[in-house]
Amino acid sequence: MTENVKENTPIIRVKELEKYFLAKRGYIHMSQYVKAVDGISLDVMEGETVGLVGESGCGKSTLGRTIMKIYEPTGGEIFYRGQNITKLSNKKMHNLRKSMQMIFQDPYASLNPRFTIGDIIEEPMVIHNMYTKAERKEKVYELLELVGLKPDHIRRYPHEFSGGQRQRVGIARTLALNPDFIVCDEPISALDVSIQAQIINLLEKIQDEQGISYLFIAHDLGMVKHISHKIGVMYLGHLVEFGDADEVYNHPLHPYTEALMSAAPIPDPKLARESKRIMLKGEIPSPLDMPTGCPFASRCPRCREECLAGPPIMVNVGDRKVACFDYL
Amino acid sequence: MLNKSEYFEPIDPDEKNDEFIAIESKSFFKDVCERFVKNKRAMIALVIFLIIALMAIFGPMISPYSYDGMDTAIMNQRPSAAHWFGTDRFGRDLFTRVLYGARISLMVGIVTAAINTIIGVIYGGIAGYVGGRVDMWMMRLTDILYSIPELLYIILIMLIFGSNVRSIIIGVCVAGWISMARMVRSQIITLKEQEFALAAFVLGANSRRILFKHLIVNSLGTIIVTVTLMIPQAIFMEAFLSFVGVGISAPMASLGTLAQDARTYLEIFPYQMLFPVAAICVTIFSLNFIGEGLNSALNPKGKR
């Protein structure tokens with residue numbers, strides 16, 4: 001799994017990234033914001049897959065989209081191979097788009113229904129003025145083959161395909177630009193299980209062949225553990241734990257990670273019966289009115305007095321990072 | 001043990017592909033055409049409309065009478081073999097005049113619909129796509145335009161440019177594009193949050209490409225329906241203006257002016273009113289049915 005991870009500058013470095021959405025403009029009172037991403041730092045190394053897990057609404061997708069500059073970051077910095085891209089305009093981002101790409105969640109919504117498959121895969125090359133017309137056509141056939149579609153699919157329309165096939169088209173479109181970093185925004189959650197495995201295998205094959213780095217967003221824990229070299233766990237806009245995939249999965253440090261991992265289904269019924277599921281009690285705080293202390297305090301079984309006073313900082317525990325007062 | 005081969009035999013490789021079921025690859029508009037053709041009412045309306053349009057275009061050329069040739073010897077004749085719709089009080093052939101009037105009415109309808117569509121789609125597209133403050137100001141501007149009674153500025157424009165086809169077209173267009181702009185804007189606002197628009201953005205497409213190639217193309221269906229409903233509106237407006245006397249002036253004739261001319265002798269010569277009004281009705285009806293047919297062909301999930 002870790003064959004082609006090279007140790008040098010990260011391909012993507014996110015530093016204290018913040019993305020707030022305005023919820024209610026205040027004139028007399030303070031404006032209210034939803035802090036979808038609140039001070040997240042993480043690195044993605046070359047050829048590496050970083051999995052990002054967390055419950056719905058914790059800001060995983062927002063983080064991915066902010067890195068892709070679909071959303072303007074509220075604060076913090078994003079670096080691509082050491083180049084600060086936080087403040088780059090769309091025009092200046094244009095060339096970088098070839099290197100940074102994204103695979104979307106819903107294969108039914110991410111393809112323009114009025115374009116043929118050929119048009120869809122060719123479009124990125126047209127936008128970036130790559131190759132001549134004939135070469136582009138050639139490249140489209142190559143890409144179709146790479147993702148396991150047939151050449152005669154080129155003239156068909158998205159509605160004629162199944163979810164899995166559409167996601168392959170989405171992947172082919174992304175690969176047309178030869179990116180070296182791809183944000184996979186829950187690329188498999190809209191597919192059924194047998195197809196999920198095919199898409200994951202395809203993504204892994206492409207990574208082996210081309211050394212692409214992934215930021216893999218998902219909520220299927222088993223799948224994330226399988227594909228990722230490292231896992232980041234998010235809770236309400238914060239990164240609570242980050243480290244080696246197997247380590248995080250098997251020996252979670254943060255109480256939230258622990259609860260999350262105990263909820264992952266175990267295929268062996270004997271082991272499943274023995275394992276204890278941690279049930280979380282308490283309410284998720286409103287994203288509009290976040291507590292001053294640890295964001296997880298209201299549901300944490302290990303909550304203490306100091307947890308309510310101020311937010312915990314990320315600390316290194318071995319080669320892992322945890323944001324919990326237990327490890328300070 | 002049962003021997004498997006007794007019950008199963010390997011499938012013939014030629015037969016393997018027989019099971020392959022796939023619908024024929026169809027482009028969106030081909031699909032729409034097929035659904036439209038199946039709609040009887042819309043097809044009848046289309047045929048009627050085409051007949052009217054062809055007659056309006058070529059009729060006046062073929063007709064032995066000219067639209068403004070007066071002949072006092074044949075004043076106010078009833079419909080006959082020589083004059084199918086009869087003649088008016090100046091002895092002009094009413095059939096030729098109705099055809100000629102239909103030509104002007106259709107021209108007004110189509111030209112205004114075209115102008116309104118171009119302005120409305122671009123304006124609404126930009127407002128919806130850019131959003132925020134720009135959208136707010138652009139839409140307030142349309143609200144202001146919309147709040148001024150149409151007749152007011154149509155009459156003002158008539159005063160400046162004279163009573164002719166051009167002033168009617170300008171007058172109807174001043175506020176006519178607003179409904180199109182509002183419609184396109186609302187479509188664009190919902191479409192731009194769709195993942196395919198985000199995907200185009202991430203691929204590096206510029207705003208113009210995203211707006212025209214991705215968003216407007218996907219709202220074409222609603223645009224087409226609105227256009228087909230815009231034409232009869234413009235025809236109606238023109239007929240109304242001509243009828244109240246601020247439209248096209250003599251000797252030119254639109255269907256509205258013909259009805260206006262017939263008003264004075266309505267009790268004596270009702271047929272002079274009947275034919276132009278019937279022409280207006282049939283044209284507007286057929287266009288409305290075409291629009292409705294297109295609507296159900298473009299949005300097949302909608303109620304029938």
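These legends accompany close-up views of a predicted model.

**Figure 1. Helices α5(A) and α6(A) packed together.** Let's start with a helix pair: α5(A) spans residues 163-175 of chain A, and α6(A) spans residues 193-210. Their axes lie 10 Å apart and meet at an angle of about 15°. Angles under 35 degrees count as roughly parallel, and the two helices are therefore roughly parallel to each other. Their crossing is right-handed.

**Figure 2. The residues in contact between α5(A) and α6(A).** From α5(A), the contact draws on Gly163(A), Gly164(A), Gln167(A), Arg168(A), Ile171(A) and Leu175(A). From α6(A) come Ile195(A), Gln198(A), Ile199(A), Leu202(A) and Ile206(A). Sorted by class, the contact has six nonpolar, four polar and one charged residues.

**Figure 3. Strand β7(A), covered on both faces.** Here we turn to residues 181-185 of chain A, a strand that is mostly covered, with five of its five residues buried. On one side sit Phe181(A), Val183(A) and Asp185(A), and on the other Ile182(A) and Cys184(A).

**Figure 4. β7(A) and its pairing with β6(A).** Strand β6(A), residues 100-103, runs parallel to β7(A), and four bridges join the two.

**Figure 5. β7(A) and its pairing with β8(A).** Five bridges link β7(A) to β8(A), residues 213-217, and these strands run parallel. Look here for Cys184(A), which stands opposite Phe216(A) of β8(A).

How values were computed
Residues numbered from 1 in each chain as written. Chains lettered and ligands numbered in written order. Predicted model: local features only at pLDDT ≥ 70, side-chain atom pairs only at ≥ 80, totals over all residues. Axes fitted to C-alpha atoms, helices over the stretch in contact; angles between N-to-C directions. Parallel < 35°, antiparallel > 145°, perpendicular 65-115°, else oblique. Left-handed = near helix turned anticlockwise from the far one by under 90°. Contact = placed C-beta atoms within 7 Å. Nonpolar A, V, L, I, M, F, W, Y, C, P; charged D, E, K, R; others polar. Buried ≥ 20, exposed ≤ 12 C-beta atoms within 10 Å, placed from the backbone. Pairing = 2+ DSSP bridges.
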